[in-house]
Structure formats: structure tokens, C-alpha cells
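These are my notebook entries on a structure that I went through step by step. Each entry records what I looked up and what I found.

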2 protein chains.
Amino acid sequence: MSHQPLVSSKMARRLLRILRGYQHLASPPFVSPHLWHSSILLPIRSSFVRTMVTLPFSFSLKPRDFSLPNSSWNAETMRLYDYYNKQCEVENEVGEKQRGPWRRLPSYNRTLKYATGGAYLSKFIQSKNRLFTRSIKTAGAAFEYVVFLNKEEERSVCIFQAGHLLEGPPGHVHGGAIATMIDSVTGTHAAFMSGPVMTANLNINYRSPIPLGSTVLINSSLDHKEGRKTFISCKVTSSDGSKLHTEATALFLSIKVSHLLGV
Amino acid sequence: MSHQPLVSSKMARRLLRILRGYQHLASPPFVSPHLWHSSILLPIRSSFVRTMVTLPFSFSLKPRDFSLPNSSWNAETMRLYDYYNKQCEVENEVGEKQRGPWRRLPSYNRTLKYATGGAYLSKFIQSKNRLFTRSIKTAGAAFEYVVFLNKEEERSVCIFQAGHLLEGPPGHVHGGAIATMIDSVTGTHAAFMSGPVMTANLNINYRSPIPLGSTVLINSSLDHKEGRKTFISCKVTSSDGSKLHTEATALFLSIKVSHLLGV
């Protein structure tokens with residue numbers, strides 16, 4: 001028994017699974033991802049031990065933030081990322097750093113962004129479900145994107161680089177993949193404006209196809225709010241804004257999360 | 001030299017790659033997938049040999065048809081598949097088998113369905129591009145579906161089982177994944193009615209969320225054709241048709257493939 005570690009490998013794997021399950025809690029807009037930057041103490045209960053252990057460093061407690069650059073991002077994607085990212089923190093007149101007009105939105109592959117937590121979380125925590133736009137982990141293969149939000153101007157911009165697994169017409173992005181990005185960007189935007197929402201309508205006009213591998217901008221702007229309804233407009237253009245690929249309107253309805261969770 | 005095979009392993013790998021590239025030619029509506037049911041003779045040219053060789057059986061010449069059942073399909077998906085599949089071939093009064101009202105559409109993960117072939121195929125043949133709805137190969141993880149077409153009634157039906165990698169709201173299918181299926185089903189339907197087309201508009205109303213893992217029906221019907229335009233309507237319902245999840249209209253424009261390929 002002397003060689004048996006305090007936390008068995010089986011228990012460690014279970015812990016890891018549970019911890020990973022909680023990663024979605026770091027998703028915006030409910031909990032800041034910075035919660036996970038420090039080491040964490042966990043209560044463990046078993047028939048043998050009931051104590052506090054520090055998890056070893058090999059446990060990756062930080063969920064992967066897919067909105068950060070990776071090696072697959074091309075020069076244009078990086079240029080645009082840097083442009084908006086620099087405007088997330090600016091210097092004032094006396095050289096102090098302060099919040100800028102833009103805010104980068106972190107992005108994870110497990111979301112419960114519409115959930116408020118509680119007993120009903122448990123059934124999702126151990127599920128295999130993954131956010132559709134982040135379910136392919138291979139860098140550059142599918143949806144590479146980052147969303148920046150400008151609260152004051154009530155608009156957001158998404159830098160989207162389309163990978164080779166998103167093909168529709170030969171060499172070009174599938175209409176469904178474009179619709180997916182429009183739904184994601186306008187939905188994220190609407191949620192920041194109105195709290196938990198569900199998509200009620202998407203009306204999409206496809207003007208010119210998007211070549212696979214290219215970088216496009218998805219600009220989303222708030223049209224108006226009316227009771228439970230949030231109306232958003234959206235344009236997908238070439239990275240320099242000169243070519244219109246797609247334009248869309250989107251309608252979102254504010255919801256009670258409990259309804260979606262069946263409680 | 002006596003031990004050197006006629007086709008070196010390097011050459012064999014290259015051949016296999018080229019052959020795989022040509023698999024999309026088995027996609028409807030241009031070439032029947034039945035072309036691939038028999039063994040194939042290939043002309044090979046190199047500095048040493050210029051002859052005809054029969055490729056060994058270990059080469060998998062038949063592309064995977066994703067529209068066929070796999071172990072992940074649940075009982076309801078299988079029941080619906082059997083229902084429509086039985087109507088693809090029927091017996092007449094004297095017991096002879098003949099074509100039924102429905103036709104199952106094969107589905108592959110490399111498409112050049114809008115392409116007519118020729119010199120401009122070469123740049124696609126060796127590409128990593130994969131059809132968006134078939135790019136995740138793990139059975140049951142993402143889009144499991146089969147489309148049946150009824151030419152006489154100018155309608156199609158898709159049996160769609162949504163996997164755990166398509167999550168949007170917790171436990172439910174992403175609006176973009178639903179839009180993707182609507183675009184795919186109505187687009188396939190339009191292509192059978194009008195030849196090569198591109199999506200011009202999708203107008204989607206989301207009525208009630210679709211639980212992950214469930215099986216739904218996507219019914220697509222031709223509204224009308226007008227010059228280059230093909231108008232399609234579409235409803236996504238529960239598998240027994242009692243619950244309306246989503247309804248949509250779609251507009252497709254007939255295109256010249258050469259335009260898309262930049263020639």
C-alpha cells in the first residue's frame with residue numbers, strides 16, 4: 001500500500017474528466033476565462049481519503065481558447081487580428097493603459113453559455129457534445145476565427161479563415177459553413193446585447209463564393225431591439241472590404257435558459 | 001532487378017492518390033456510382049513502363065458511400081431508411097423487379113458535382129478539400145444522413161441524425177448545422193431538377209430546437225422554376241412529422257461550371 005499514490009490514476013482520469021466538464025463555465029458571457037489562470041485546489045471524497053490535494057501541473061486546467069492565433073493562420077488573418085487586438089487596450093494621454101473600444105471574445109469547444117448552472121448542469125458536464133464551430137481541433141482544417149466586439153458602436157467583427165474541410169462547390173466554402181459563421185457571429189453579438197437568445201430567423205443572400213483558404217471579414221451590427229426580439233444585420237466581405245460575398249439579416253429571441261434545459 | 005515489382009510502392013501510392021481524386025466522378029448527377037463496382041484497368045506511363053496493369057485488390061477503388069447505414073444509426077433512422085429504401089425497387093404484377101418511385105442518392109466526401117472535367121480538374125484532384133457535411137468520418141459524431149429523391153413528385157426527403165459534434169445551445173443542434181443540412185438537401189434537390197446550381201438565398205425560420213442524437217426528416221419540394229432560378233421549400237420535422245422544427249425557402253441559380261473554376 002505504501003506505493004499507492006494518494007490519487008490513483010483511475011481517480012485522476014475521472015477528476016480530469018470532471019474538470020474538463022467545468023471548462024465551459026469559463027465561456028463568456030457568464031464567467032471570465034481568467035478564473036483559470038491560477039492553480040486550483042480540489043476537494044476529493046472517496047472511501048479512503050477525504051482531503052484537499054493540489055492537482056499536478058500535467059493536468060491542463062486551462063481550456064483551449066480557440067480565438068487565439070495558431071500556426072495555421074495566414075498573414076492576412078494575423079494582420080487583421082493584430083489590428084483589432086491592438087485596439088483592445090490603448091494608452092491614455094499620460095501613458096497609462098486602459099480598455100480600448102474593442103474586446104476580443106474568447107472561444108471554447110464546450111459551451112453552456114445559455115445556462116445558469118445548478119443541478120441541471122450535471123447531465124451536460126460529462127457529455128461528448130462539442131460546439132459545432134470548434135469541434136474539429138486540427139489547426140487550419142475547418143473554422144479558424146476570432147470575434148471582436150465594440151459595445152459602444154453596437155457592432156462586432158469576425159475574422160474568418162476557411163479551412164479545407166468546409167468545401168461546398170469545388171474550391172469554395174459550403175453555403176452551410178457560411179450560414180454557420182453568420183449564425184455564430186450574429187448570435188454571439190445578440191447575446192452580448194440582450195442576454196441568452198435563440199436564433200428565430202436567418203435570411204441569407206449569397207452574392208459571390210468564398211475561396212477555401214481565404215480570409216474574410218464578417219461585420220455584424222445591431223439594427224434594433226423590440227421586446228424579446230433582437231434584429232442584427234451582417235455582411236461577409238473580402239478582407240479589404242472591397243468584395244461583398246454574403247449579406248444577411250438575423251432575428252434572435254430572448255429565452256429563459258430553464259426552458260431549454262427542460263426545467 | 002528481378003525482385004522489383006512492375007509498379008513500385010511509391011508509384012502505387014501516387015496512383016492510389018490519383019484514383020482517390022477521381023472518386024468524385026462517381027458522385028451524382030454526372031456519373032453513376034455503379035461505374036466503380038467492377039475492376040478497373042489503368043494506363044500507366046513512366047520512363048520505364050508504358051502498359052496496362054490491373055491494380056491489386058488491396059487498392060480500395062470504391063469510395064465510401066456515406067448514405068449507407070452504419071452502426072451509429074439509431075432504430076428510428078434505420079426504420080425510416082428501410083421505409084424509403086424499399087420503395088426504390090418494387091415488384092410489378094408479374095413479380096418482376098422494377099424501379100420504384102424513390103431513388104437513394106449516394107454521397108461521397110469529395111465532390112466535383114458542378115465540374116465537367118478536363119484540364120481544370122487536376123488542381124482539385126490532389127487537394128485536401130472535403131465536402132463539409134462529410135468531412136468528419138467518425139460514425140455518429142456529426143452529420144449522419146441519407147437523401148431520397150422522388151422525381152415524379154418533384155420532392156426529396158432526407159433522414160438526418162444529428163451527432164454530438166454539432167452542438168449549439170446545450171444539448172441541441174447548432175442553427176448553422178441545421179442551415180447546412182437545409183442548404184445541402186435543397187441544393188441537391190435543385191441540382192437534380194436544374195443541373196449545376198449555386199445557392200442564392202436561404203430564408204430559415206427556426207421554430208423549435210432539435211435535440212442532439214435525435215432523428216429528423218427534412219422534406220424538400222420544388223416550388224417553381226423561372227429562367228435560371230429554381231425555388232425550393234423545405235420543412236424539418238420530428239421523425240413522425242408531428243413537430244415542426246424548422247422551415248425554409250431556398251433560391252438557386254443555374255451556373256456554368258467553367259465560371260466557378262475560373263475558366
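This is a predicted model: local features need pLDDT of at least 70, side-chain atom pairs count only at pLDDT 80 or more; totals for chains, interfaces and linings use all residues.

**Entry 1. Secondary structure and burial**

Residues are numbered from 1 along each chain as its sequence is written, chains are lettered from A and ligands numbered from 1 in the order in which they are written, and side-chain values use heavy atoms, with hydrogens and water left out.

I then looked up burial: of the 263 residues of chain A, 53% count as buried. Buried means under 20% relative accessible area, exposed over 50%, and partly exposed in between (1.4 Å probe, protein chains only). For contacts (heavy atoms within 4.5 Å), I took those in chain A with a separation of 6 or more and found that residues 24 or more positions apart account for 62% of them.

**Entry 2. The relation of the two chains**

I superposed chain B on chain A by a rotation of 180° with 0.0 Å of shift along its axis, at an RMSD of 0.0 Å. This is the relation of a two-fold axis. In chain B, N203(B) has the C-alpha nearest the axis, at 2.1 Å from it.

**Entry 3. Cavities**

How many cavities of 30 Å³ or more does a search of the whole structure find? I recorded 6. On a 1 Å grid over the protein atoms alone, a cavity is a set of points where a 1.4 Å probe fits but cannot get out, and lining residues have an atom within 4 Å of a point. Grid points are joined across faces, edges and corners, and a volume is the space filled by probe spheres set on the points.

The largest cavity has a volume of about 100 Å³. It is lined by 15 residues, of which F132(A), I136(A), F132(B), S135(B) and I136(B) are the closest to its centre. I sorted the lining into 10 nonpolar, 4 polar and 1 charged. Here Ala, Val, Leu, Ile, Met, Phe, Trp, Tyr, Cys and Pro count as nonpolar, Asp, Glu, Lys and Arg as charged, and the others, Gly among them, as polar.

**Entry 4. Salt bridges**

I counted 11 salt bridges over all chains, a salt bridge being a side-chain nitrogen of Lys or Arg within 4 Å of a carboxyl oxygen of Asp or Glu. I looked at several of them in turn.

- E76(A) and R79(A) form a salt bridge at 2.9 Å, N to O. Both lie in helix 2 (residues 75-85) of chain A, 3 residues apart, about one turn of the helix. E76(A) is partly exposed at 23% relative accessible area, and R79(A) is partly exposed at 46%.
- R155(A) and E153(A) form a salt bridge at 2.6 Å, N to O. R155(A) is partly exposed at 29%, as is E153(A) at 47%.
- E247(B) pairs with K235(B), the closest N and O atoms being 3.7 Å apart. E247(B) is in strand 11 (residues 244-254) and K235(B) in strand 10 (residues 229-238) of chain B, so the pair ties together parts that are 12 residues apart in sequence. K235(B) is partly exposed at 43%.
- In chain A, salt bridges that share partners join R207(A), K235(A) and E247(A) into one network.

**Entry 5. Individual residues**

Is S156(A) buried or exposed? I found S156(A) buried, at 1% relative accessibility, in strand 7 (residues 155-162) of chain A. Not counting residues up to four places away in sequence, S156(A) touches residues including W102(A), H189(A), N219(A) and S220(A).

P169(B) is in the loop between strand 7 (155-162) and helix 4 (175-194) of chain B. P169(B) is buried at 11%. Its C-alpha is 9.7 Å from that of I210(B), 41 residues apart along the chain.

E154(A), not a glycine, has a positive phi near 50°. I placed E154(A) in the loop between strand 6 (143-150) and strand 7 of chain A, partly exposed at 36%. E154(B) likewise has a positive phi of about 50°, and is partly exposed at 37%.

Conventions:
On a 1 Å grid over the protein atoms alone, a cavity is a set of points where a 1.4 Å probe fits but cannot get out, and a pocket is an open set with protein on both sides within 12 Å along at least five of seven lines; lining residues have an atom within 4 Å of a point. Copies are superposed by least squares on the C-alpha atoms of residues with pLDDT of at least 70 in both. Helices (H or I, at least four residues) and strands (E, at least two) are DSSP runs, numbered from the N terminus.
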